[in-house]
Amino acid sequence: MQTFKVQENASNFPSNFPEKSYNPHEWQGGYQSLKQEFDYWIDDIEGQIPPELNGTLFRNGPGLLDINGQPIHHPFDGDGMISRITFLNGRAHFRNRFVRTAGYLAEQKAGKILYRGVFGTQKPGGWLANAFDFNLKNIANTNVIYWGDKLLALWEAAEPHRLDPHTLETLGKEYFDNILSEGEAFGAHPRFDPSCQLDNGAPCLVNFSIKPGLSTTITIFELDTTGKIVRKHAHSVPGFAFIHDFAITPNYCIFFQNPVTFNPISFVLGMSGAGECIKFQHHQPTRIIIIPRQPKEKKVQILETQSGFVFHHANAFEQDNEIIIDSICYESLPEVEPESDFRKVDFDALKPGQLWRFNLNLDHKTVRQKLIESRCCEFPSLHLQKVGRSHRYLYLGAAHAPSGNAPLQAFLKIDLESGERQLWSAAPQGFASEPVFVPRTNSQHEDDGWVLALVYDAAHHRSDVVILDARDFNQGPIARLHLKHHIPYGLHGNFTFKVFLTTK
Ligand SMILES: [Fe+2]
């Protein structure tokens with residue numbers, strides 16, 4: 001049994017630190033809409049931005065939690081807003097723009113909610129106004145990635161929106177030379193493959209889409225470095241599937257088909273969102289679907305393991321006859337109730353997400369699993385050159401307390417080789433988000449670089465861009481860049497070494 005050494009930086013905690021690491025009212029402050037669009041050099045900085053950190057961090061997330069005062073039901077229904085932080089020679093520039101989707105433009109013009117949301121947002125007028133309306137808004141709010149000279153805002157149920165990376169102007173929907181059809185889904189969790197076997201070792205981007213039903217179609221997309229879809233193949237698997245993320249290895253795409261059922265009656269009748277009709281099945285197994293990346297290989301393997309729910313995977317790799325995959329697992333799906341207010345969530349009543357490792361034995365069709373990290377955590381990330389390969393370090397958003405469920409307030413680094421943990425906590429008034437690892441140019445070590453993340457600072461109702469030295473979380477941020485405003489809690493984003501600045 002390995003003993004884990006935990007190092008925690010407690011120096012930033014006040015002596016009157018509350019029993020709970022957070023105040024729920026302060027946490028709620030991060031769920032206010034940000035209606036303005038900004039464009040400025042960040043000049044309120046603690047510490048120093050490393051002058052060798054040059055490039056652009058793009059973040060996406062729901063910018064609006066209301067439409068002209070009408071609250072939306074769940075943050076996942078909020079209109080996508082891109083935040084861009086550009087690092088250049090020790091300085092940083094901020095710009096944000098809403099994705100001008102057709103739905104965003106129509107609702108802003110009308111000044112009211114015109115669309116139902118997947119997670120329960122309803123048009124005003126009760127169930128009669130919502131029944132039999134299946135016209136969902138493509139809200140482009142989940143991820144943003146720069147790939148093949150295209151900046152793409154992603155939402156898993158429909159096609160991406162393309163933006164100008166220099167201005168963040170919305171250019172329209174992206175169909176990849178008509179490989180994607182009108183309204184076709186394109187997932188929000190593409191995976192970078194640093195060395196694709198099918199492309200003679202060139203990098204590629206792998207993505208998927210889900211078409212759920214009585215049986216579910218999973219489509220795999222692979223894009224070359226020019227942004228062209230060079231492989232697209234579809235596979236049918238039994239049963240309904242709600243799959244948000246996947247993992248890749250050089251040979252496989254791996255999906256967790258969580259044990260859920262979908263009964264759409266209350267959605268059809270206008271009484272709830274489609275997402276609220278998904279119910280977790282505690283006594284059913286999770287199915288692990290393994291699809292070959294080589295389009296000619298049609299054999300899909302399905303293994304089973306115990307019940308649980310996974311939104312996000314950290315990474316997967318092949319070792320001997322096994323696929324090893326690290327994932328954030330919940331005991332069950334945190335269900336969205338039609339009458340509930342997401343701002344009033346009782347964290348203590350929910351089970352935490354925890355990091356597990358699954359060993360999938362392809363010869364014996366067996367699954368072994370073990371808990372790696374019991375601390376509540378989410379949004380795993382790693383060095384992009386390690387995607388699909390054996391990795392040593394993971395970076396995660398984490399709770400301040402070592403046990404129980406709570407908002408993310410800290411950043412956790414896990415060394416899977418030594419077992420060492422490093423944790424920097426922004427508690428009690430800071431709230432964390434997805435960390436993004438950026439390697440130092442010509443770095444020799446997997447953790448030689450920086451971790452960039454947004455932290456909501458409830459004390460000032462503003463957000464900070466935090467830069468941590470990835471080799472040493474314990475010293476705290478090497479720079480905290482205070483924005484002039486808050487950014488509502490976001491979802492995902494990516495860094496590119498290209499420097500994008502507003503030129504007009
Ligand atoms: Fe996600």
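Analyst: What follows is a walk through a few features, each with the general idea and then the case here. The model is predicted, with local features needing pLDDT of at least 70 and side-chain atom pairs counting only at pLDDT 80 or more, while totals for chains, interfaces and linings use all residues. Residues are numbered from 1 along each chain as its sequence is written, and side-chain values use heavy atoms, with hydrogens and water left out.

User: How many cavities of 30 Å³ or more does the structure hold?

Analyst: Rolling a probe the size of a water molecule over the atoms shows where empty space is left. On a 1 Å grid over the protein atoms alone, a cavity is a set of points where a 1.4 Å probe fits but cannot get out, whereas a pocket is an open set with protein on both sides within 12 Å along at least five of seven lines; lining residues have an atom within 4 Å of a point. Grid points are joined across faces, edges and corners, and a volume is the space filled by probe spheres set on the points. The structure holds one cavity of 30 Å³ or more, and the volume of this largest cavity is about 160 Å³. Its lining has 18 residues, of which L454, I487, P488, Y489 and G490 are the closest to the centre.

User: Which element gives the largest share of the lining of the largest cavity?

Analyst: Helices (H or I, at least four residues) and strands (E, at least two) are DSSP runs, numbered from the N terminus. The largest share, four residues, comes from β4, and the elements giving two or more residues to this lining are β4 (55-62), β7 and β33. By type, the lining divides into 11 nonpolar, six polar and one charged, where Ala, Val, Leu, Ile, Met, Phe, Trp, Tyr, Cys and Pro count as nonpolar, Asp, Glu, Lys and Arg as charged, and the others, Gly among them, as polar.

User: What is the volume of the second largest pocket, and which residues are the closest to its centre?

Analyst: The second largest pocket holds about 970 Å³ of space. Of the 39 residues that line this pocket, I145, F192, L384, N494 and F495 are the closest to its centre. Among the elements giving two or more residues to its lining are β9 (143-147), β13 (191-193) and β32 (436-439). The lining comprises 21 nonpolar, 13 polar and five charged residues.

User: Where does N141 lie, and which backbone oxygen is 2.9 Å from its side chain?

Analyst: N141 lies in the loop between α3 (126-130) and β9, and is buried because its relative accessible area is 2%. The backbone oxygen of G78 is 2.9 Å from a polar atom of the N141 side chain.

User: What is the strand order of the open sheet of four strands?

Analyst: Strands of a sheet pair through backbone hydrogen bonds, either parallel or antiparallel. Two strands count as paired if DSSP finds at least two bridges between them. The open sheet of four strands has the order β17-β18-β21-β22, with antiparallel pairing, and its edge strands, β17 (247-248) and β22 (301-305), each pair on one side only. Within this sheet, β18 (residues 252-257) and β21 (residues 286-292) pair over six bridges, with I290 in β21 as the bridge partner of I254.

User: Which residues have a positive phi, and which peptide bond is cis?

Analyst: Most residues other than glycine have a negative phi, and most peptide bonds are trans. N89, with phi near 50°, is found in the loop between β7 (80-88) and β8 (91-98), while N200, with a positive phi of about 55°, is found in the loop between β13 and β14 (204-211). N89 is exposed at 58% relative accessible area, and N200 is exposed at 79%. The peptide bond from A427 to P428 is cis, with omega near 5°, and P428 is placed in the loop between β30 (421-425) and β31 (430-431).

Notes:
Buried < 20%, exposed > 50% of the residue type's maximum accessible area, 1.4 Å probe, protein only. Polar contact = N/O pair within 3.5 Å; in protein donor to acceptor, adjacent residues only side chain to side chain.
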